[in-house]
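Dear colleague,

I am passing a structure on to you, together with a short account of what was found in it. Please look through the sequence and the structure before reading on.

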Amino acid sequence: MSKTIPIRIRKGQVIEALVDDEDYERLAGFRWFFPTGKVAPVRIGTVGGRKTSVTLARDVVGLPIGDPRVVRRINTEGRDYRRANLVVCRDARDGAGPVTRSRA
């Protein structure tokens with residue numbers, strides 16, 4: 001099963017992102033939004049006393065801040081953040097081509 005979490009896109013406007021049930025409680029506790037000019041929803045977190053942004057996809061798969069790997073969606077649905085739809089790629093070049101399940 002899956003549930004949706006709200007992501008603020010503009011003042012008063014919200015879209016819903018699809019996440020797995022097991023991730024819902026943890027992810028729904030954060031305030032997600034699209035920063036101006038960005039294409040990925042983020043939340044603000046604190047690492048080592050410094051504020052930083054964390055993307056929804058990286059949070060779902062558990063990639064730590066500073067990890068050079070990138071997360072790509074397998075399908076083209078921009079609101080689908082279920083684990084089965086996400087794949088971790090070695091770097092941005094690796095993630096640039098068609099996404100297949102064999103990458104990691």
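Accessible areas, as used here, come from the Shrake-Rupley method with a 1.4 Å probe. On that basis the chain, which is a predicted model, exposes about 6,800 Å², and carbon and sulfur atoms supply 52% of that area. Of the 104 residues of the chain, 32% count as buried, where buried means under 20% relative accessible area.

As for the fold, the chain has two helices and seven strands, and from the N terminus on these elements run β-β-α-β-β-β-α-β-β. Among contacts between residues at least 6 apart in sequence, 30% join residues that are at least 24 apart.

The remaining findings concern the largest pocket, which has a volume of about 270 Å³. Its lining is made up of 13 residues, and those lying nearest the centre of the pocket are Ala40, Ala57, Val71, Arg73 and Tyr81. Two elements, helix H2 (56-61) and strand S6 (70-73), each give two or more residues to this lining, and of the elements it is S6 that gives the most, with four residues. Sorted by class, the lining of the largest pocket holds seven nonpolar, two polar and four charged residues.

With best wishes

Definitions and conventions:
Residues numbered from 1 in each chain as written. Predicted model: local features only at pLDDT ≥ 70, side-chain atom pairs only at ≥ 80, totals over all residues. Heavy atoms only, no water. 1 Å grid on protein atoms, 1.4 Å probe; cavity = no way out; pocket = protein on both sides within 12 Å on 5 of 7 lines; lining within 4 Å. Points joined across faces, edges and corners; volume = space filled by probe spheres on them. Nonpolar A, V, L, I, M, F, W, Y, C, P; charged D, E, K, R; others polar. Buried < 20%, exposed > 50% of the residue type's maximum accessible area, 1.4 Å probe, protein only. Contact = heavy atoms within 4.5 Å.
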